[in-house]
Amino acid sequence: MMKLKNLSKQYGDNVIFKNLSLELKDGEILTVMGPSGIGKTTLIKVLTGLEEAEAGQVEINGNEYEIGDPAISEQIGLVFQDFNLFPHLTVKENIALAPVLVKKRAKQEVDQKVNELLKQLGITEQADLYPYQLSGGQKQRVAIARALAMNPEVIIYDEPTSGLDEKSTEQVEKIMLALKKEGVSQMVVTHDLPFAEKVADTNFDFLKEIENEKNK
Amino acid sequence: MSEIGNYLPTILSGLNMTLGVFFVTIIGSIPLGIIVALAMRSQYFMLRWFVNGYIWIMRGTPLLLQLIFVYYGLGMIGITFSRFNAVAFAFIINYAAYLAEIFRGGIQAIPQGQFEAAQVLGLSKTQSFFKVILPQVIKIVVPAFGNEVINLVKDTSLVYVIGLGDILRAGTIAASRDVSLIPYLIVGVVYLIMIAIVTLALRASEKKLNTWR
């Protein structure tokens, strides 16, 4: 479970969001919806430590952290809108890099985990390919596998269907629902309403929430 | 042909010096160039100011002049080098400045998303640089780096100015002694062979790096 409490972010005098609070329950898919450019991606960047915020707390599995604490980003896996796979590494190497370097796990253990993820996400045949040799949907699955390899408490997706064709979008949808069955908590930032309606357990109307807070 | 055979051992006797300067400069200037490139991106204004000044001086004055300054000029204020060390020092700091600009351009060409992905995965700055950024930078900079390496092969001939004997100096001595242009012709061919070897090595590395895009 992840709870955001009173999160505030501004650039100079420009308030992006103020006292933003939301809750993601265990094994739930929460969609965060709203038009482009209102700060959804900024929210992700704040949570993953890519941007600083003015104030707020994040509670993950009962432990509360002040925003900016590295312990928050350590428990969050992020699937970027543009995937941001490392082009010089194969699919396998992309997934294994962080568990080896950051978690210091044994190579054999990591290899086993990578193989499980490749199988789970249906990209075993692409294991030794480089990102440029993959389709958009396959890249998306590698990005998900890379995030899952770190055993995060929460996975956040930034516009996961943007740039994907219908078939790839359906595959992403299936993967999310399969992960949900396994109890993975997922937060999906999107403005793709039909997709959100299919996967969401709960929806968070970003625009409405930030307007409410700004008007208080 | 027999004339060429007579001159060849004399000229090749200078090859050790040429290759020595070449390899020492490559080995020293690449890491220094990377460090300077990173310093140019530092958040500390003074450090950026210092390295920009260093690059301005290195690129704004001839290598020949820098060589003279390091060997004779620094000697006048008590900092003395052996001839070879003076050459190594001058060449390394000169080439590091050019390579730093090339590496800086390479680092700037890496999409921000790559830095962000590494950070989100929890990689340290050092891990991000060596495992994610640098391999991509290398691919980007190989063509520009190749030009510098080819320039370096030819620039090694400048060591004559402080009295070191490379292949060009050996050729000059033989040409003056026998009033013949043939030693210079042989020197030219030796340079062309060295450049051809460097070019082939660079092409092979470019080909290897093309396994990914």
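Trainee: How many bridges join strand 1 of chain A to strand 2 of chain A, and in which direction do the two run?

Mentor: A word on the source comes before the answer. This is a predicted model, in which local features need pLDDT of at least 70 and side-chain atom pairs count only at pLDDT 80 or more, while totals for chains, interfaces and linings use all residues. Residues are numbered from 1 along each chain as its sequence is written, and chains are lettered from A and ligands numbered from 1 in the order in which they are written. In general, strands of a sheet pair through backbone hydrogen bonds, either parallel or antiparallel. Here, seven bridges join strand 1 (residues 2–11) of chain A to strand 2 of chain A, and the two run antiparallel. Strands (E, at least two residues) and helices (H or I, at least four) are DSSP runs numbered from the N terminus, and two strands pair if DSSP finds at least two bridges between them. Within this pair, A:Tyr11 stands opposite A:Asn14 of strand 2 of chain A.

Trainee: What is the order of the strands in the open sheet of chain A?

Mentor: The four strands of this open sheet have the order 2-1-4-5, with antiparallel pairing. Its edges are strand 2 and strand 5 (63–66) of chain A, each of which pairs on one side only. From one strand to the next the twist averages 20°. Helix 1 (residues 40–47) of chain A lies across strand 1, strand 2 and strand 4 (55–60) of chain A, and runs at about 110° to strand 1 of chain A. Such angles run from 0 to 180 degrees between N-to-C directions, with axes fitted to C-alpha atoms, for helices over the stretch in contact.

Trainee: Which phi value does A:Asn19 have?

Mentor: Most residues other than glycine have a negative phi. A:Asn19, although not a glycine, has a positive phi of about 50°, and its place is in strand 2 (residues 14–24) of chain A. A:Glu159 also has a positive phi, near 45°; A:Glu159 is found in the loop between strand 7 (154–158) and helix 6 (166–181) of chain A.

Trainee: Is A:Glu159 buried or exposed?

Mentor: A residue is buried if 20 or more other C-beta atoms, placed from the backbone, lie within 10 Å of its own, exposed if 12 or fewer, and partly exposed in between. A:Glu159 counts as buried because it has 21 C-beta neighbours inside 10 Å. A:Asn19 has 16 other C-beta atoms within 10 Å and is therefore partly exposed.

Trainee: How many helices and strands does chain B have?

Mentor: Chain B comes to nine helices and zero strands. Of its 213 residues, 29% count as buried. The C-alpha trace of chain B spans about 70 × 50 × 20 Å along its principal axes.

Trainee: At what angle do helix 2 and helix 5 of chain B cross?

Mentor: The axes of helix 2 (residues 15–40) and helix 5 (residues 83–108) of chain B come within 6 Å and cross at roughly 45°. Angles under 35 degrees count as roughly parallel, over 145 as roughly antiparallel, 65 to 115 as roughly perpendicular and the rest as oblique; helix 2 and helix 5 of chain B are therefore oblique to each other.

Trainee: How many residues of chain A are in contact with chain B?

Mentor: Two residues are in contact if their C-beta atoms, placed from the backbone, lie within 7 Å. By that criterion, 19 residues of chain A are in contact with 16 residues of chain B. Helix 3 of chain A gives the most to the side that touches chain B, with three residues.
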